Amino acid sequence: INAGIVDENEMNEVCHFLHDLGSVQHFNTQTLKDKVVINPQWIVDVMKCVISIKESCIVDGKFFHKDVTEVWSEYHESIHVWLLHLTEEFDLTFQVQMEGDEPEYNLVPCLMPETQPEFEWPSPNVAQGIMETRFIYNFSFIPAGLFNRTQVRLSAYSDRCTIWKKGSLLHKNDQQCLFLLQDNQHM
């Protein structure tokens with residue numbers, strides 16, 4: 001108000017402009033738009049609380065919503081839900097669809113177990129219409145976190161039982177895809 005900006009549209013334009021400059025972080029999503037982060041390092045510190053190597057209540061990649069107060073004990077309780085949505089915005093976590101009375105949680109792919117779960121993969125059989133195509137993408141280097149971020153983006157096509165730290169079994173339109181990280185150069 002001291003700067004003479006009283007109109008909500010003008011305020012949004014200023015936030016967007018400062019966001020583009022990198023001076024602030026503002027997200028124009030329904031769940032995040034009510035706050036502006038004036039120090040981008042603060043976001044790094046928030047994310048570090050989730051993926052820290054210290055003792056954590058996040059086990060096998062399951063971040064139960066009841067544990068947000070423990071994970072973000074350094075932050076005011078009034079923003080804990082907002083922080084959870086922030087992890088989703090940065091593709092660090094995704095919310096799992098609940099079944100029955102189970103408690104709500106988000107999955108954190110980079111904290112999932114390394115062990116591939118058991119699942120059935122059909123053998124190719126042209127007579128039955130079962131075909132297999134393989135793609136191996138070769139990169140000179142895959143940045144840390146890129147694979148898990150992709151898992152979050154593809155989470156709508158996977159279920160929580162067939163996702164692990166280095167892979168996901170995806171389903172869409174009666175098709176299956178096994179998405180694997182082989183090493184730091186091959187997907």
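Student: What do the side chains of Arg 153 and Asp 91 meet in?
Tutor: A salt bridge, at 2.6 Å from N to O. Salt bridge here means a side-chain nitrogen of Lys or Arg within 4 Å of a carboxyl oxygen of Asp or Glu.

Student: Where do Arg 153 and Asp 91 lie?
Tutor: Arg 153 lies in helix 5, and Asp 91 in the loop between helix 4 and strand 4. They are 62 residues apart in sequence, so the pair ties those parts together. Helices (H or I, at least four residues) and strands (E, at least two) are DSSP runs, numbered from the N terminus.

Student: What kind of model is this, and how are residues numbered?
Tutor: This is a predicted model, in which local features need pLDDT of at least 70 and side-chain atom pairs count only at pLDDT 80 or more, while totals for chains, interfaces and linings use all residues. Residues are numbered from 1 along each chain as its sequence is written, and side-chain values use heavy atoms, with hydrogens and water left out.

Student: Back to Asp 91. Buried or exposed?
Tutor: Asp 91 counts as buried, at 10% relative accessibility. The cut-offs are under 20% relative accessible area for buried, over 50% for exposed, and partly exposed in between (1.4 Å probe, protein chains only).

Student: And Arg 153, buried or exposed?
Tutor: Arg 153 counts as exposed, at 57%.

Student: Which residues are linked in a network of salt bridges?
Tutor: Asp 91, Arg 149 and Arg 153. Asp 91 also forms a salt bridge with Arg 149, with the closest N and O atoms 3.1 Å apart. Arg 149 is in helix 5, so this pair ties together parts that are 58 residues apart in sequence. Arg 149 itself is partly exposed, at 39%.

Student: How many salt bridges does the structure hold?
Tutor: It holds 8. One of them joins Glu 102 to Arg 160, with the closest N and O atoms 2.7 Å apart. That pair links distant parts of the chain: Glu 102 is in the loop between strand 4 and strand 5, and Arg 160 is in strand 6 (residues 158-164). Glu 102 is partly exposed, at 28%.

Student: How many bridges join strand 3 to strand 5?
Tutor: There are 3, and strand 5 covers residues 105-107. Phe 64 stands opposite Tyr 105 there.

Student: Which strands form a hairpin with strand 7?
Tutor: Strand 6 does, with 2 residues between them. Strand 8 does too, again with 2 residues between, and Asn 173 in that turn has a positive phi of about 50°. Strand 6 and strand 7 (residues 167-172) are antiparallel over 3 bridges. Strand 7 and strand 8 (residues 175-180) are antiparallel over 6 bridges. Leu 169 has Leu 178 as its bridge partner in strand 8.

Student: How far apart are the end C-alpha atoms of helix 1?
Tutor: They are 20 Å apart. The 14 residues of helix 1 (residues 8-21) should span 20 Å at 1.5 Å a residue, so that agrees. The expected span is 1.5 Å times one less than the number of residues.

Student: What follows helix 1?
Tutor: Gly 22, with a positive phi near 90°.

Definitions and conventions:
Two strands pair if DSSP finds at least two bridges between them.
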